[in-house]
Amino acid sequence: MIENLTLAGAIHTALAISGIIVGLIQFLRPKGGPIHRARGYAFVYAMLIADGAAMLVFQFTGRFNIFHVGAIVNLIAIVLAIIPVLRSPRPSNWKNQHYYWISWSYVGLIAAAVTELVVRTSHLATREQAWTATAVTSALVTVIGYVLINRYRPVSESQPALGDATIQHDGVQS
């Protein structure tokens, strides 16, 4: 199924698959604590190396292309996700910053994986068909990711949770 896989391609593939697995576990498990942190660092390191290795893979077009841009965007998302976690003191909205950037990194990873699967298994006749499949698949995964990211976003510490009653200055609950 994976023809002519280079060492960089193998490293990229193995770490991307591990990122998919670790990221899914992170999404499904409770947040916070040392286990979450350890899995998080495993995801971050896997993505940093996988994205770096992706920059060395040119088999699809023979030159720099949209997939390399995706790897660069993912690198930026990973860095922006980890900065608020490492800052001291942490900004008041660090959880939201971390959540959004790491979530979009994961959505990008899933979009790339689904695109790779579709393009490699669909036996598309032309590059134009491959690019169309890439665009449609990526857009679909991104829309689903957008919905899930907004649905499961952490409650902001500066705003009451949806459905919570708030006390107005006159003491009346609304």
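Helix α4 has 28 residues and reaches 40 Å from its first C-alpha to its last, close to the 40 Å expected at 1.5 Å a residue. The expected span is 1.5 Å times one less than the number of residues in the helix. Helices here are DSSP runs of H or I with at least four residues, numbered from the N terminus. This is a predicted model, in which local features need pLDDT of at least 70 and side-chain atom pairs count only at pLDDT 80 or more, while totals for chains, interfaces and linings use all residues. Residues are numbered from 1 along each chain as its sequence is written, and side-chain values use heavy atoms, with hydrogens and water left out.

Helix α2, residues 33-54, has 22 residues and should span 32 Å at 1.5 Å a residue; its end C-alpha atoms are 31 Å apart, which agrees. Its buried residues include His 36, Arg 39, Phe 43, Val 44, Met 47 and Asp 51. They pack against α1 (7-28), α3 (66-86) and α4 (94-121).

Helix α3 pairs with both α2 and α4, as the table shows. Axes are lines fitted to C-alpha atoms, for helices over the stretch in contact, and angles run from 0 to 180 degrees between N-to-C directions.

| Helix pair | Axes come within | Crossing angle |
|---|---|---|
| α2 and α3 | 9 Å | roughly 150° |
| α3 and α4 | 8 Å | roughly 155° |

The angle makes α2 roughly antiparallel to α3, and α3 and α4 are likewise roughly antiparallel to each other. Angles over 145 degrees count as roughly antiparallel, under 35 as roughly parallel, 65 to 115 as roughly perpendicular and the rest as oblique. The crossing of α2 and α3 is left-handed, and the crossing of α3 and α4 is left-handed. A crossing is left-handed if the near helix is turned anticlockwise from the far one by less than a right angle, and right-handed if clockwise.

The contact between α3 and α4 (contact means heavy atoms within 4.5 Å) involves residues including Asn 74, Ile 78, Ala 81 and Val 85 of α3 and Trp 94, His 98, Trp 101 and Ile 102 of α4. By class, this contact of α3 with α4 has 10 nonpolar, 5 polar and no charged residues. Ala, Val, Leu, Ile, Met, Phe, Trp, Tyr, Cys and Pro count as nonpolar, Asp, Glu, Lys and Arg as charged, and the others, Gly among them, as polar.

Val 85 is found in helix α3 and is buried, with a relative accessible area of 18%. Leaving aside its neighbours within four places in sequence, Val 85 is in contact with Arg 90, Trp 94 and His 98. The C-alpha atoms of Val 85 and His 98 are separated by 7.0 Å, although these residues are 13 residues apart along the chain.

Two loops have backbone features to note. Pro 89 lies in the loop between α3 and α4, and the peptide bond from Ser 88 to Pro 89 is cis, with omega near 0°. His 123 is in the loop between α4 and α5 (127-151). Its phi is near 50°, a positive value in a residue other than glycine. His 123 is exposed, with a relative accessible area of 72%.

Terms used:
Buried < 20%, exposed > 50% of the residue type's maximum accessible area, 1.4 Å probe, protein only.
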